[in-house]
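Please open the model in your viewer and keep the sequence beside it, because the tour moves from one selection to the next. 

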Amino acid sequence: MSARVDRIAKRGRVAALTLALLSAGASVPSGPELRTATATRILEEVRRPGAQVVVVNVWATWCLPCREEFPDLVRLQRAYAPRGLRLVLVSADFDDGREEQVRRYLAGQGVDFPSFLKEGDDMEFIEGLSATWSGALPATLVYDAQGRLRHFWEGAASYATMERRVLDVLERKGSQREAGS
Amino acid sequence: MTARVFTVSLATVLALAVAGSEIARADTLAIGASIPKASTKMKNVDGKEVSLADVAGQKGTLVIFTCNACPFAKAWQDRIVDLGNSFASRGVGVIAVNSNDPAIVPEDGYDLMKERAEKAKMGFPYVVDAGSEVALAFGATRTPEAFLFDATGQLVYHGTIDDNAKEPGSVTKTYLKDALTAVVEGKAVPLAETKAIGCGIKFKKA
């Protein structure tokens, strides 16, 4: 009986806190902006000026290896954004009610930049990004500042592997500039 | 037909597959290749040991890498079973292979495979690829992923089931069904290679 009273009291405190936050103008994290995208749209995002290296990661909320590597992707973005890394996240979740689920997941991971929802035919999407991609998730593609694909892999990677490939692109660019100067 | 077969040692494939969680990609079976690991025995849901050679059909052989847990495998499951049951009675040997390591994906354990096969009314073997050895030999990377061999044992189709996993009513391209029909009729497969997004196979780690 006392446990039930405790649960009711706890729910009451949570409800009161929520009301207080809302009335004070605080908002529950709503997650990043989501845009639907074909492969063509993703490649436009890759080639949008301003990045020195672009990492595209195709993932899904139900995909275990995707979820395992996700915190490392976000950590990588935070660590290398000052050096020009742009992270392009593309959810391949089924399109029935995915927006809320994807947004909630991204908010929970601390993603605060626009993200994408895959749109259209699978074959066109896969071939549009990489002919060597089998379609397995997760898939990650690393592009240089000119939008050239430098690294591609399927399956989850460790933080060290991701970082090495990002640095490879950043440092190659640096050495090319030195060689050309 | 010219056979374009990549010959890769199992050690190389295994080394690629266990290097982190990345999926080995370079060695997918090519169109024209013969059935690899044909004599490897795998445990079926009925308790018997079955090989790909055991199930080979007079008209052709369909090997589908699938599993219990993947949302894409679940979405396509009824269509896979319908195609399998239908074409098994038309001279095609059919086998579903689960290469996921149940230590990584408990839902792909043997007992749950038995339940799934029974519920789905699979009229063909659903076997355990212990150690993911057969998937590695095929270069399979995802679920579901189909490999169809013709009457002479050459790979004539590799890819997905159709063009809409989630909505069977919205399918416009029945890739696997078209390939199966062609094989049964002794004709050329209209589209030999297709792709779809799917779950990566959870290979057993060394």
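Predicted model: local features only at pLDDT ≥ 70, side-chain atom pairs only at ≥ 80, totals over all residues.

Two strands pair if DSSP finds at least two bridges between them, and helices (H or I, at least four residues) and strands (E, at least two) are DSSP runs, numbered from the N terminus. Residues are numbered from 1 along each chain as its sequence is written, and chains are lettered from A and ligands numbered from 1 in the order in which they are written.

Select strand 5 of chain A together with strand 9 (residues 198-200) of chain B, which pair in the parallel sense over two bridges. Within this pairing, look for L137(A), which stands opposite C199(B) in strand 9 of chain B.

Next, select the whole contact (heavy atoms within 4.5 Å), to which chain A gives 28 residues and chain B gives 25 residues. The two chains bury about 2000 Å² between them, 62% of it on carbon and sulfur atoms; buried area is the accessible area (1.4 Å probe) that two parts lose on being put together, summed over both. In chain A, show W62(A), F94(A) and M123(A), which lose the most area to chain B, together 30% of what that side buries.

Finally, show the side chains of K195(B) and E127(A), which meet in a salt bridge (2.9 Å, N to O), where the term requires a side-chain nitrogen of Lys or Arg within 4 Å of a carboxyl oxygen of Asp or Glu. Across the interface of chain A and chain B, the rule finds one salt bridge.

Technical notes
Heavy atoms only, no water.
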